[in-house]
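Thanks for coming. I have one structure to go through today, so please have a look at the slide before I start.

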Amino acid sequence: MPNRSDETDLSFPFAEPPAAGEVVEVAPGVLWTRIPLPFRLDHVNIYLIDDGDGWAVLDTGIDDERTREVWWSLLSGPLAGRRITRLIVSHYHPDHIGLAGWLCETLDIPLVTSQTTYLGCINISLRPGGLDARPYRDFYERHGMTPEAVDRVTSQGHHYLKMVTPLPPTFLRLVDGDTLRLGGRDFAVMSGDGHAPEQLMLHCREDNFFLAADQVIAKISPNISVWAVDPEGDPLGLYLRSLRRIRENIAAPTLVLPGHQLPFYGLHERCKELAGHHAARCRQIEEACRERPRTVAEIVPILFSRTLDPHQMSFAFSEAHAHVNHMIRQGALTQFVGEDGCVRVATADRADFSRA
Ligand SMILES: [Zn+2]
Ligand SMILES: [Zn+2]
């Protein structure tokens with residue numbers, strides 16, 4: 001679930017997104033268009049990058065009737081006359097990879113992505129119900145999740161597959177540190193973890209723009225989640241590491257072309273704001289756990305004050321969990337199992353709770 005944060009030093013060179021079915025040139029040889037999504041976050045940004053005699057496409061939208069219609073109207077409208085050369089997919093979330101299989105087959109183009117994106121998507125399609133297994137249910141229950149939210153989170157493979165067409169049998173792999181040549185320009189390939197494993201970003205130093213996917217967005221803090229399959233994972237630590245690398249490698253006055261919302265200037269400021277947002281959440285958790293030990297479920301309402309449905313709850317819970325796991329790694333929290341079988345965390349200076 002996106003978290004809104006409105007404090008900002010950013011500037012937005014394009015005040016409005018392109019109208020439905022239209023494209024706008026946002027950087028030399030880069031077109032921006034939008035695909036609607038049937039969610040609270042109601043769109044995804046798609047970019048078309050000059051690739052010599054055609055356009056390389058970045059990301060797709062989910063698979064549904066409306067998205068296919070939008071693609072047909074783009075292909076027969078503003079994109080007519082030049083071919084589509086290849087499809088690059090930033091990460092495995094359905095709003096970015098959903099129509100990859102269909103687009104690659106329909107247009108007879110290769111899929112270019114990271115190995116983790118490709119295999120992650122294939123893995124879900126091989127075992128869509130795989131998360132509904134005792135060890136995963138136990139994990140969520142031990143941390144205090146409600147049965148309704150456990151049902152939602154353990155069935156998400158089925159929800160995912162409804163939005164994603166089967167991937168092509170082969171892909172072209174991009175790896176962090178690669179150089180991707182598109183239409184006579186070199187793009188530095190970066191990958192970053194935290195929001196999705198091995199999410200790809202492309203940096204064009206020559207023309208000073210950065211295709212940031214969901215890693216850095218102007219007014220949304222990308223969801224960072226712990227998943228039951230990697231119960232002690234530290235996706236927040238990986239995300240913060242990625243933000244540091246972005247600031248080290250990309251100059252401050254670079255145009256950011258994100259996966260959602262408007263393009264913007266202020267990359268370094270935004271990376272700092274995002275890191276600050278997570279630091280503030282860690283402080284809230286620390287204060288609450290200094291009062292008394294808490295389960296992850298008890299931490300959720302401290303971070304998210306509004307009422308959450310089971311779907312939102314599963315994301316909020318996993319995001320709260322990411323902060324807890326990060327703080328355990330940092331030594332700020334310790335966890336223990338109470339007499340009721342639930343896992344609780346306490347601040348390290350109150351570790352005597354663990355013996356209570
Ligand atoms: Zn995403
Ligand atoms: Zn997204």
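Predicted model: local features only at pLDDT ≥ 70, side-chain atom pairs only at ≥ 80, totals over all residues.

Is Phe187 buried or exposed? Phe187 is buried, and its relative accessible area is 0%.

I will start with the aromatic rings. Across the whole structure, a search finds 9 aromatic pairs. One of them joins Tyr118 and Phe171, whose ring centres are 4.2 Å apart with the planes at 15°, so this pair is stacked. Tyr118 belongs to helix H4, residues 115-126, while Phe171 is in the loop between helix H7 (156-162) and strand S8 (172-173). The two are 53 residues apart, and the pair links distant parts of the chain. With 8% relative accessibility, Tyr118 counts as buried. Phe171, at 22%, counts as partly exposed.

Back to Phe187, which forms an edge-to-face aromatic pair with Phe209. Here the distance is 5.8 Å centre to centre, and the angle between the planes is 65°. This pair also links distant parts of the chain, with Phe187 in strand S10 (residues 185-192) and Phe209 in strand S12, 22 residues apart. Phe209 counts as buried at 0% relative accessibility.

There is also a cluster, in which ring pairs link Phe139, Tyr140 and Phe317.

Next, the metals. Which residues coordinate the zinc ion (ligand 1)? They are His91 through NE2, His93 through ND1, His195 through NE2 and Asp214 through OD, at 2.1 to 2.3 Å. Along the chain, these donors follow the spacing H-x1-H-x101-H-x18-D. The angles among the 4 donor atoms run from 91 to 172°, and the site of this zinc ion (ligand 1) is irregular. His195 lies in the loop between S10 and strand S11 (199-204), and Asp214 in the loop between S12 and S13, so this pair ties together parts that are 19 residues apart in sequence. His195 is buried, with a relative accessible area of 13%.

What do the two sites share? Asp214 coordinates both zinc ions, ligand 1 and ligand 2, which are 3.4 Å apart.

The last topic is empty space. Rolling a probe the size of a water molecule over the atoms shows where such space is left.

How many cavities of 30 Å³ or more does a search of the whole structure find? The search finds 2. The largest cavity has a volume of about 40 Å³. Its lining consists of Asn45, Tyr47, Leu58, Asp59, Ala213, Leu257, Pro258 and Gly259. Strand S4 (43-50) and strand S14 (255-258) each contribute at least two residues to that lining. By class, the lining of the largest cavity has 5 nonpolar, 2 polar and 1 charged residues.

The second largest cavity holds about 30 Å³. Leu58, Ser90, Leu200, Met201, Leu202, Leu211 and Ala213 line this one. S11 gives the most to the lining of the second largest cavity, with 3 residues. The classes here are 6 nonpolar, 1 polar and no charged residues.

The lining of the second largest pocket divides by class into 7 nonpolar, 4 polar and 3 charged residues.

That is the end of the talk.

Technical notes: Residues numbered from 1 in each chain as written. Chains lettered and ligands numbered in written order. Heavy atoms only, no water. Donors = N, O, S within 2.8 Å, 3.2 Å for Na, K, Ca; no water. Nonpolar A, V, L, I, M, F, W, Y, C, P; charged D, E, K, R; others polar. Phe/Tyr/Trp six-rings, centres within 6.5 Å; stacked < 30°, edge-to-face > 60°. Helix = DSSP H or I, 4+ residues; strand = E, 2+ residues; numbered from the N terminus. Buried < 20%, exposed > 50% of the residue type's maximum accessible area, 1.4 Å probe, protein only. Tetrahedral: all angles 85-135°; square planar, octahedral: opposite > 155°, others 65-115°. 1 Å grid on protein atoms, 1.4 Å probe; cavity = no way out; pocket = protein on both sides within 12 Å on 5 of 7 lines; lining within 4 Å. Points joined across faces, edges and corners; volume = space filled by probe spheres on them.
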